[in-house]
Amino acid sequence: MRGEPLASPPALTPTLSRERERRQHEAPLLQVDGVSLDYRTPERVVRATHRVSFDVHAADRFVLLGPSGCGKSTLLKAVGGFIPPVEGEIRLDGRRVTQPGPDRIVVFQEFDQLPPWKTVKQNVMFPLLASRTLGRKEAAERALHYLDKVGLAKFADVHPHQLSGGMKQRVAIARALAMQPRVLLMDEPFAALDALTRRKMQQELLALWDEVRFTLLFVTHSIEEALVVGNRIALLSPHPGRMRAEINSHGFSLASLGGAEFQRTAQRIHDMLFEEEAEAAA
Ligand SMILES: Nc1ncnc2c1ncn2[C@@H]1O[C@H](COP(=O)(O)OP(=O)(O)OP(=O)(O)O)[C@@H](O)[C@H]1O
Ligand SMILES: [Mg+2]
């Protein structure tokens, strides 16, 4: 089911109407179409998501928001090509996703996603070399380019254990962006950071997006983070995850935190999640 927008979108500027017009003529970059995902254990089948549909357009910051266990990570893994749908289809540029590929790169929550024996620069270069995307010289140049974008050019030759959690996540983001994927997939990338660092990383991610305009599919269970990071939010119901609503959040940014409209929308999303939980309990 595709929900109605929850927040009334702010008045359209001429640029945004042109943007909308352009989009109507353009096929979505990523299509998740009626996707059900199951886990099979010897005893039973666990349905993680049920007939979920959404479209992600180029340069969207699309957020999957929902309570723990609603299948957000599973959906991301399916888009990554690691789990095949039992129903429905995932298409990237119109082609069915059947396996992982360098056009979809995932940034995870854990800080230990960087091999510790490689320097920061070697970590960023590694997927470029392993996928034979670039030769050594070009890979080194591109690695430095993206390390500079995340403010870590000076740390290119240190090892991950010499970095803070936030810095390690920046390296993981640089490594992912260096591959110049069609879609960047992020699974709660800032959840393990302290509140201040988390805020700073959200700010940096938005600044980076402003500069690079990558397409982002971002998972979180924080309503506030979803509103700040996303321009569109898919709200998923509790286990098994179904589409509850699609929310237009492009009018919100870090600057709107604490504002009346922001609070009101956050509260309405909270109520919808809470309502679903009450229904599920009943
Ligand atoms: N390997 C697995 N085997 C069996 N069931 C699983 C497996 N991984 C996840 N599940 C189940 O699938 C459902 C969705 O899990 P998933 O990890 O996608 O949720 P999530 O929305 O990412 O949750 P969280 O916010 O806690 O990360 C859950 O009910 C979970 O119990
Ligand atoms: Mg998860």
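Let me start with strands β7 and β8, residues 183-187 and 216-220, which in this predicted model pair in the parallel sense over four bridges. If you look along that pairing, you will find Met186 standing opposite Phe218, the latter in β8.

These two strands belong to an open sheet of six, whose order is β6-β7-β8-β3-β9-β10 and whose pairing is mixed. At the edges sit β6, residues 104-107, and β10, residues 243-248, each of which pairs on one side only. On average, and ignoring direction, neighbouring strands of this sheet are turned by 20° against each other.

Coming back to Val79, and leaving aside residues up to four places away in sequence, its contacts are Leu30, Val32, Ile90, Val97, Arg104, Leu185 and Leu217.

Finally, the chain as a whole. The secondary structure comes to eight helices and ten strands. The radius of gyration is 19 Å, close to the 19 Å that the globule rule gives for 282 residues, so the protein chain is as compact as a globular protein of that length. Its C-alpha atoms fill a box of roughly 55 × 50 × 40 Å along the principal axes, and 37% of the 282 residues count as buried. Among contacts in the chain with a separation of 6 or more, 72% are between residues 24 or more positions apart.

Definitions and conventions: Residues are numbered from 1 along each chain as its sequence is written. Chains are lettered from A and ligands numbered from 1 in the order in which they are written. This is a predicted model: local features need pLDDT of at least 70, side-chain atom pairs count only at pLDDT 80 or more; totals for chains, interfaces and linings use all residues. Two strands pair if DSSP finds at least two bridges between them. Axes are lines fitted to C-alpha atoms, for helices over the stretch in contact, and angles run from 0 to 180 degrees between N-to-C directions. Two residues are in contact if their C-beta atoms, placed from the backbone, lie within 7 Å. The radius of gyration is taken over C-alpha atoms; the globule rule is 2.2 Å times the number of residues to the power 0.38. A residue is buried if 20 or more other C-beta atoms lie within 10 Å of its own, exposed if 12 or fewer, and partly exposed in between; C-beta atoms are placed from the backbone.
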